Amino acid sequence: MTPPLPLVESRMVGRYRVHAIQAGGQLLDGGAMFGVVPKPLWERRIPADARNRIAMGMRCLLVEHETGLILIDTGAGNKEPARFYEIYGIENGAPDGRTALEAGLASLGYAADDVAIVIDSHLHFDHAGGNTYHDADGALRLTFPRARYVVQAGEYAWATHPNERTAASYFDHNYVPVRDADRFDLVAGEQEIVPGVRVLPTPGHTPHHQSILLDGGGETALFAGDLVPTTAHLPLPWIMGYDVEPLVTLETKRRILARAAAEQWLLVFCHDATTAWGRIAHDGKAYTLAAGSG
Ligand SMILES: [Zn+2]
């Protein structure tokens with residue numbers, strides 16, 4: 001299996017050039033990805049393999065902002081044992097041994113040192129695993145040594161106090177070193193990070209999950225994170241079984257997607273294997289991707 005391609009897709013959002021970097025592929029249980037939605041319905045949208053897994057992406061968004069490069073989410077990184085990546089069907093390496101995220105940055109002419117701000121939607125391993133890395137000697141280092149990292153304070157607290165239901169997604173080595181190096185800006189609620197870039201609380205997947213709103217002037221994009229991981233998750237009740245508060249997700253989606261449709265936001269779909277972004281419309285029954293909206 002190879003990771004979903006293309007590695008990088010670029011476009012403008014108002015005055016900002018943005019790049020969706022496909023930091024890898026994942027194969028996750030289709031039933032878990034769609035919660036209470038029966039398989040005969042979801043498999044029409046995304047077909048399952050013989051082990052009932054569906055192919056997904058693991059997209060990050062790089063924003064060329066006037067204050068510096070902003071990277072939203074960091075993929076799964078390189079720190080887990082091969083067996084772990086096998087379980088989740090994660091393929092996130094470039095042929096030369098770099099991570100796909102590093103290869104994507106390099107293809108745009110950037111290095112990890114160039115990133116000024118990292119915003120984590122939340123701290124699950126497939127979104128924040130690339131915050132840190134193991135160097136050739138096995139030492140744990142910050143992947144973006146010059147960056148400020150941004151996450152909700154509540155998400156940090158949630159991640160560092162896992163319970164039996166949440167522990168499989170949270171690994172301290174993905175975020176505690178960032179805190180120890182005093183590189184985290186732990187924010188609370190909606191906040192402007194730099195002009196044109198705001199974080200919005202979008203609870204449900206985790207209680208302090210955040211989405212990132214980019215106002216480029218005349219055009220707005222939302223990195224929804226795991227609120228709407230793929231285009232197949234646009235209908236309100238199509239909610240992941242992984243969400244810890246699915247009824248909260250439902251109300252967050254109702255509120256955010258109404259705004260996204262009314263204000264014609266470009267939605268970025270982090271886990272979609274093929275579609276990086278698009279605008280949405282309500283067809284009377286459900287939200288759908290607007291034709292030709294990418
Ligand atoms: Zn995710």
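Which strands does helix H4 (residues 100-107) lie across? Helix H4 lies across E1, E2, E3 and strand E4 (68-72).

This is a predicted model, in which local features need pLDDT of at least 70, side-chain atom pairs count only at pLDDT 80 or more, and totals for chains, interfaces and linings use all residues. Residues are numbered from 1 along each chain as its sequence is written, and side-chain values use heavy atoms, without hydrogens and water.

**View 1. Helix H4 on the strands.** H4 runs at about 160° to E2. Axes are lines fitted to C-alpha atoms, for helices over the stretch in contact (heavy atoms within 4.5 Å). Angles run from 0 to 180 degrees between N-to-C directions. Helices (H or I, at least four residues) and strands (E, at least two) are DSSP runs, numbered from the N terminus.

**View 2. An open sheet of seven strands.** The order is E1-E2-E3-E4-E5-E8-E9, with mixed pairing (at least two DSSP bridges between two strands). Strands E1 (8-13) and E9 (184-187) are the edges; each pairs on one side only. E2 (residues 16-29) and E3 (residues 53-65) run antiparallel, joined by 11 bridges. Asp29 has Arg53 in E3 as its bridge partner.

**View 3. The zinc ion.** Asp126 (OD), His127 (NE2), Asp226 (OD), Asp226 (OD) and His271 (NE2) coordinate the zinc ion at 1.9 to 2.8 Å. Donors are N, O and S atoms within 2.8 Å of the metal (3.2 Å for Na, K and Ca); water is not among the atoms, so sites may look incomplete.
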